[in-house]
Amino acid sequence: MKPNVNEIDDMIVREKMQVALEYQNEAWADGVADGIEPEIIADAALALAMRETVRMIGEEGAEAMLESLRERMLAGEFSPDRILQ
């Protein structure tokens with residue numbers, strides 16, 4: 001069965017997300033290697049992400065994104081102990 005357009009779009013988004021995470025992991029590792037504490041790296045990454053998000057989609061859109069991230073966090077999506085099945 002041939003994938004439809006929505007499935008292809010979803011695959012592209014997942015692939016871009018994976019590449020973006022790899023870039024973030026490299027930047028994180030570089031910062032730690034340079035002696036920057038992980039808490040400072042995390043704060044800077046979140047501040048930059050929020051600044052760019054507000055610039056692109058406005059404060060209400062950024063607030064909605066934060067609420068979505070909050071729900072995902074409370075559901076355990078970001079837990080390092082989470083087991084994927």
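## A tour of the charges, helices and patches

Lys and Arg count as positive, Asp and Glu as negative, with His and the chain ends not counted; each charge is placed at NZ of Lys, CZ of Arg, CG of Asp or CD of Glu. This is a predicted model, in which local features need pLDDT of at least 70 and side-chain atom pairs count only at pLDDT 80 or more, while totals for chains, interfaces and linings use all residues. Residues are numbered from 1 along each chain as its sequence is written, and side-chain values use heavy atoms, with hydrogens and water left out.

**Whole chain.** Switch to a cartoon view. The protein chain has 2 helices and 0 strands (DSSP runs numbered from the N terminus; helices are H or I of at least four residues, strands E of at least two). Its radius of gyration is 16 Å, well over the 12 Å that the globule rule gives for 85 residues, so the chain is more spread out than a compact globule. That radius is taken over C-alpha atoms, and the rule is 2.2 Å times the number of residues to the power 0.38. Buried residues make up 5% of the 85 residues (buried is under 20% relative accessible area, exposed over 50%, partly exposed in between; 1.4 Å probe, protein chains only).

**Helix 1.** Select residues 5-33, which form helix 1. Then pick Glu-22, Glu-26, Asp-30 and Asp-34, which form a negative surface patch. Patch residues have over 30% relative accessible area and no salt bridge; like charges are joined within 9 Å, nonpolar side chains (Val, Leu, Ile, Met, Phe, Trp, Tyr) within 5 Å. Ile-8 is partly exposed at 36%, and Glu-22 is partly exposed at 41%.

**Helix 2.** Move to residues 38-74 and show Glu-52 and Arg-55, 3 residues apart, about one turn of the helix. Their salt bridge has its closest N and O atoms 2.6 Å apart (a side-chain nitrogen of Lys or Arg within 4 Å of a carboxyl oxygen of Asp or Glu). Arg-55 is exposed at 59%, whereas Glu-52 is partly exposed at 30%. Next select Arg-70 and Glu-67, also paired in a salt bridge, at 4.0 Å.

**Last stop.** Glu-77 and Arg-72 meet in a salt bridge at 2.7 Å, N to O. The whole structure has 3 salt bridges.

Terms used:
Areas by Shrake-Rupley, 256 points an atom, 1.4 Å probe, with all protein chains shown as cover.
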